[in-house]
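Me: I have a model open and want to talk it through. Can you take my questions in whatever order they come?
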Protein chains: 2
Amino acid sequence: MSDQPGATVDGRRARGQKRRAEIIEATLAVVRRDGAAGVTHRAVAKQAGIPVSLSTYYFATLDELLVAALSSVADGYTARIREIVDQHEDKLAGLAELIVESAGPGRERALAERELCTLAARRPALMPVARRWREGVAELAATLTDDPDAVAAVVATSDGLCTALLIENAPADAEHVRAVLGRAVGAPRTRRPGR
Amino acid sequence: MSDQPGATVDGRRARGQKRRAEIIEATLAVVRRDGAAGVTHRAVAKQAGIPVSLSTYYFATLDELLVAALSSVADGYTARIREIVDQHEDKLAGLAELIVESAGPGRERALAERELCTLAARRPALMPVARRWREGVAELAATLTDDPDAVAAVVATSDGLCTALLIENAPADAEHVRAVLGRAVGAPRTRRPGR
DNA sequence: CAGTAAGTTGAACGATTGTCCAAGTTGGAC
DNA sequence: GTCCAACTTGGACAATCGTTCAACTTACTG
């Protein structure tokens, strides 16, 4: 954003960017472990193994740090969504797998995203970032239907299913998630072998 | 919960219960204004117009206070849901109206509920309370369909739509919400004037 | 080589926090 | 009336917080 995108001639700046990324990752680790409320300059610094003042050198205020962390998370998520859109045959099934992760190994990650998004609703600077998350799912849905109501339904259902898995805290069934998503897109499509 | 339900012979205890309720309400006011992160014994005490130590007298720890606040919120919400189930003709429309409030006057309230629910995902003691919220919507949906998938879809969609309104931060259309909800319940019911 | 900007460090500031405690006040029990 | 439990109060404790600062190291520029 400050210089040419790809050109990093200065090795010092290169190391700086790397440090910056490390601090963001440490921040996300703290959010996963202790929640957004646990994010303090000191906690992040300890997690990253650096002195406190180095954290404030890169992110003068705690808000800056949270914005950067949420942006990083949103980037990762939209990347995965795009991956599904480009590669997956059954895109709803791909989305379902992604959602089901929230009940298993990706639980802490999903929780972290959720907390940061909740934070976003109160800070105007974070709102566009939080919106990006949903737009990814909307793009996926747009490849399946032209009905804007159906797109909205898929986005809402995805979000709600994720919440359900986090609160229910029980093993999730990808097929069930897929079925509920299919209901949102409205098509009476896939085989339902009958129960 | 501690004594006989209706019998409060001791006037001192009666005043105590009233104070307790006041403190909970003050807590919710703080959450609405500053978010869950803004809840401190001191902030709540100032909001309620009482000394700090009185807040700790009724809620020894901050967690106790948050549990009580979330429970109170959940009670209010389930009451409104039941009201819709009992009285409303078109129950989905009633649910839609309730959801649309999140974009208008009830925004801060919805945000507060959301923050407390997010908190719940991390504290086992709060999980049953957060679940109660969803069970209300599930009961409403159960009056409309027998398909468990459809019930899950309505619950998920309601939650996701609420999130959308909070993040989008734009005026909401109750009919649109109603349409998306109808899609979840699966019935090819309402008029669809064609594409 | 010197010059300089980026990166790094430890210490410190005042402010706020959760929680506790000993002393008061109130009002029902008897 | 006494007695006691509930309620109320102000003050205090150590701990942690965000942020700032001056000094130091590194490594690129010229």
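Me: Through which surface do the copies meet?
Reply: This is a predicted model. In it, 97% of the interface residues of chain A are also interface residues in chain B, so the copies meet through the same surface.

Me: What rotation superposes chain A on chain B?
Reply: A rotation of 180 degrees, with 0.0 Å of shift along its axis, and the RMSD is 0.1 Å. That is the relation of a two-fold axis.

Me: How many residues are in contact between the two chains?
Reply: On the chain A side 34 residues are in contact with 33 residues of chain B. The elements of chain A that give two or more residues to that side are α6 (107–120), α7 (127–142), α8 and α9.

Me: And which one gives the most?
Reply: α8(A), with 15 residues on the side of chain A that touches chain B. By class, the residues of that side divide into 18 nonpolar, eight polar and eight charged.

Me: Back up a bit. How many helices and strands does chain A have?
Reply: Chain A has nine helices and zero strands. Its C-alpha trace spans about 60 × 40 × 30 Å along the principal axes.

Me: What share of chain A is buried?
Reply: Buried residues are 40% of the 195 residues in chain A. As for contacts in chain A with a separation of 6 or more, 63% of them are between residues 24 or more positions apart.

Me: Which residues have the most contacts inside the largest nonpolar core?
Reply: Leu116(A), Ala120(A) and Leu116(B), in a core of 120 residues. In soluble globular proteins, nonpolar side chains tend to be buried together.

Me: What does Ala120(A) touch, not counting residues up to four places away in sequence?
Reply: In chain A, Ala120(A) touches Leu70(A), Leu126(A), Met127(A), Val129(A) and Ala130(A). Ala120(A) also touches Ile167(B).

Me: How does the surface near DNA strand D split by class?
Reply: That surface has ten nonpolar, eight polar and seven charged residues.

Me: What does UniProt place at residues 17–77 of chain A?
Reply: The unreviewed UniProt entry has the feature "domain: HTH tetR-type" there. In the model, residues 17–77 of chain A are 80% helix and 0% strand, and the end C-alpha atoms of the span lie 21 Å apart.

Me: What about phi of Asn169(B)?
Reply: Phi of Asn169(B) is near 60 degrees. Asn169(B) sits in the loop between α8 (148–168) and α9 (174–185) of chain B, and Asn169(B) is partly exposed, with 14 other C-beta atoms within 10 Å.

Notes: Residues numbered from 1 in each chain as written. Chains lettered and ligands numbered in written order. Predicted model: local features only at pLDDT ≥ 70, side-chain atom pairs only at ≥ 80, totals over all residues. Nonpolar A, V, L, I, M, F, W, Y, C, P; charged D, E, K, R; others polar. UniProt positions renumbered as here; feature names shortened; annotations may be inferred. Helix = DSSP H or I, 4+ residues; strand = E, 2+ residues; numbered from the N terminus. Core = buried A, V, L, I, M, F, W, Y, C linked by C-beta atoms within 7 Å. Buried ≥ 20, exposed ≤ 12 C-beta atoms within 10 Å, placed from the backbone. Contact = placed C-beta atoms within 7 Å. Least-squares fit on C-alpha atoms with pLDDT ≥ 70 in both.
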